[in-house]
Amino acid sequence: MIYMDNGATSYPKPEAVTLAVKRALDGCIANPGRASHREASRTAMAVFRVRERAADFVNTEPEYISFTHNATMALNVALFGTLRKGDRVLTTPLEHNSVLRPLYRMEREGRITLDFLDVSTYDENVLCKDLLERLEGDEKPTVVVMTHTSNVLGLRLPVERVGAICKDKNVFFVVDGSQGLGSSRIDVEACGIDILCTSGHKGLYGITGSGFMALSRKCRRKPEPLIFGGTGIASREKGMPDGYPERLEAGTLGVVGIESLGAGLEYVTSVGCDAIAEKTKSLRKILTEGLSVIPGVRVYAPESDSVSIVLFNIEGRQCDETASLLDGFDIASRGGLHCSPLAHSFLNTDGAVRLSVSHFNTEAECQTVLSAISHITRGL
Amino acid sequence: MANKESFFISLGGMTQALKAERLLAEKGIECTVSKRSEPSGCVWGVYVKGEARVSVVSLLRANGIGGI
């Protein structure tokens, strides 16, 4: 099989990740942070090492890394746990439903107002100008929530520039790093990010069920917990402990997933984010250029800074039909809206086929995919 | 000269205790991560031997560990 659905979850995983899963099943057998026996201590230390590694990767302190089951959980805590009544929230049309649905919910409840930045030209200058103009207006935004990299287009948004503006204007800044981390190393301090949320199983190569939320050292609003329960400490208190990460980590941690994430982070660090980005950009270029010369194929491809993802449709075919036909060629792609409906409205599609590569994909695989799509367009 | 003693420093959660252990080890200070019961419930911290409590607490505080 040629796997090009890495935007949903990455495959294959590095061998080190597979080994880490096995090692965790055999060696991290106890519940961390509860008992003080040897096995519990060993497991707690293993989790702590991953916490340190994640903190180092995004430049914060280990206690500001809260492990979650996925990016959606991290974003829900980051948004429901920090946004206040009266907040004016700005986001983009390129967001995933893990951002949009929490915001829609709070908008419907009357807790926040919601508006969208201009990304229509794919030009970061236009986006930043739009943000600055809104900050000069009467209804100044108090919060910006933005994806680092679009899961539909692979387009990188100017997080560092937006973060600098937010820092200067004291605007709370939350970033969804799910599609960006791995091909980018996001420094929350340098980018002026208050909270960074990510899955662990995409560009960081952990297993499904892993993710984390990172608070910057200067985070202007620390999240209130959404999940309440046991933490192994202060058990007589009716509320969650004050200290992080325990305040946000009720219940038993997913130790195996955390260990896989640690191995994935180590792998990405050893290969280098720049090298990963360079490879996925070159594969994306092969696919984009190859698709653009196949009659009957429409490619949605901004020429701006994009990685990993190519979006297309074949004239006269539903996107899911095309994805299904590709499956017949043993090629894994994804048709539909990719949980980002506004991005597709913005592109004026009813859905499209997404090819999302990782740095494990090859040029030969790209040529095979192009050949299969060519066959499909000719009705073969 | 401050008395050298054996003592427990309460740090809250396991993460802070492990962070303290890492720092103290770097400084050559022997300690063990351990847990004990307090009125609010269990608490994690470090058990330190043969050091002056005041200097260890100062070191941890200077590094922002445990909110102490």
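1. Buried means under 20% relative accessible area, exposed means over 50%, and partly exposed is what lies in between. That scale comes first because several residues below are placed on it. A:Asp330 has a relative accessibility of 43%, so it counts as partly exposed. The model is a predicted one.

2. Stay with A:Asp330 for its backbone. Its phi is positive, about 65°, although the residue is not a glycine. Look for A:Asp330 in the loop of chain A between α9 (319-328) and β11 (331-332).

3. A:Cys339 sits in the chain A loop between β12 (334-336) and α10. Its relative accessible area is 34%, so A:Cys339 is partly exposed.

4. Now the cis peptide bonds. One runs from A:Tyr11 to A:Pro12, with omega near 0°. A:Pro12 belongs to the loop between β1 (2-3) and α1 (15-27) of chain A. Another cis bond runs from A:Tyr244 to A:Pro245, with omega near 10°. A:Pro245 is placed in the loop between β8 (211-215) and α7 (255-271) of chain A.

5. Turn to the aromatic rings. Over all chains, the rule gives five aromatic pairs. Is A:Tyr3 buried or exposed? A:Tyr3 is buried, because its relative accessible area is 13%, under the 20% limit.

6. A:Tyr122 and A:Phe346 make another pair. Their centres are 5.9 Å apart and their planes stand at 80°, so this pair is edge-to-face too. What does the pair tie together? A:Tyr122 lies in the loop between β4 (112-116) and α5 (124-136) of chain A. A:Phe346 lies in helix α10 (residues 341-347) of chain A. The pair therefore ties together parts that are 224 residues apart in sequence. A:Tyr122, at 25% relative accessible area, is partly exposed. A:Phe346, at 27%, also counts as partly exposed.

7. A:Tyr205, A:Tyr267 and A:Phe360 are linked into a cluster by ring pairs.

8. Next, the interface of the two chains. On chain A, 22 residues are in contact with chain B, and 18 residues of chain B are in contact with them. How much area is buried between chain A and chain B? The figure is about 1500 Å². Carbon and sulfur atoms give 53% of that area.

9. The rule finds three salt bridges across the interface of chain A and chain B. On the chain A side that touches chain B, the residues divide into nine nonpolar, nine charged and four polar. Between the two chains, twelve residue pairs are in polar contact, with both residues at pLDDT 80 or more.

How values were computed:
Residues numbered from 1 in each chain as written. Chains lettered and ligands numbered in written order. Predicted model: local features only at pLDDT ≥ 70, side-chain atom pairs only at ≥ 80, totals over all residues. Heavy atoms only, no water. Contact = heavy atoms within 4.5 Å. Buried area = accessible area lost by both parts, 1.4 Å probe. Salt bridge = Lys/Arg side-chain N within 4 Å of Asp/Glu carboxyl O. Polar contact = N/O pair within 3.5 Å; in protein donor to acceptor, adjacent residues only side chain to side chain. Nonpolar A, V, L, I, M, F, W, Y, C, P; charged D, E, K, R; others polar. Phe/Tyr/Trp six-rings, centres within 6.5 Å; stacked < 30°, edge-to-face > 60°. Buried < 20%, exposed > 50% of the residue type's maximum accessible area, 1.4 Å probe, protein only. Helix = DSSP H or I, 4+ residues; strand = E, 2+ residues; numbered from the N terminus.
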